[in-house]
Amino acid sequence: MVKLTIKDTQEIVEAEQGVAVSDLFEFDGLRSVPFNCMRGSCGSCVVRPLSNIWHLGEMAFEERFKLESMDLSPNEHRLLCQCHLLDDSEVELV
Ligand code: FES
C-alpha cells in the first residue's frame, strides 16, 4: 500500500501501488482536491508535489502542455487527475 497526503487539509488516502488518482477520488474519498473534468483539460486539480514528483507517475505530453498553458512549470506541478500513485506522495493545493 502507498499513501497520498494532501498537506493543506491533512487528508490521507491509502491505495494499491500504481492506482490512478482519479480512481481514488471516485471510490476512496480524496474530497479536498477540487476535481472537475477528470481528463486533464480544466486544470482545477493542479497540485505542487512536496515529495519526489515521479512518485506520481510519468507525465503525458497533454498534461505538460496544459500546465505550460497555465504558466506553471511541469517540473514543479502536476494535474492530480492524470497521476498514478507509484509511491508515498505528499502534495499541496495550488
Ligand atoms: S480535474 Fe480537470 S484537469 Fe484534473
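Among contacts in the protein chain between residues at least 6 apart in sequence, 64% join residues at least 24 apart, two residues being in contact if their C-beta atoms, placed from the backbone, lie within 7 Å. The model is a predicted one, in which local features need pLDDT of at least 70, side-chain atom pairs count only at pLDDT 80 or more, and totals for chains, interfaces and linings use all residues. Residue numbers start from 1 along each chain as its sequence is written.

The protein chain holds two helices and seven strands, arranged from the N terminus as β-β-β-α-β-α-β-β-β; these are DSSP runs numbered from the N terminus, with helices (H or I) of at least four residues and strands (E) of at least two. A compact globule of 94 residues would have a radius of gyration near 12 Å, and the 12 Å of the protein chain agrees with this. That radius is taken over C-alpha atoms, and the globule rule is 2.2 Å times the number of residues to the power 0.38. The C-alpha trace spans about 35 × 25 × 20 Å along its principal axes.

The largest nonpolar core has 18 residues, of which Val 21, Cys 45, Leu 79, Leu 80 and Leu 85 touch the most other members. Such a core is a set of buried Ala, Val, Leu, Ile, Met, Phe, Trp, Tyr and Cys residues joined through C-beta atoms within 7 Å. Strand 1 (2-6) and strand 4 (46-49) are the elements that give two or more residues to this core. Leaving aside residues up to four places away in sequence, Cys 45 touches Val 33, Pro 34, Phe 35, Leu 79, Leu 80 and Cys 81.

Asp 71, with a positive phi near 60 degrees, follows helix 2.

Cys 37 lies in the loop between helix 1 (21-28) and strand 4. Cys 37 counts as exposed because it has 12 C-beta neighbours inside 10 Å.

Methods: A residue is buried if 20 or more other C-beta atoms lie within 10 Å of its own, exposed if 12 or fewer, and partly exposed in between; C-beta atoms are placed from the backbone.
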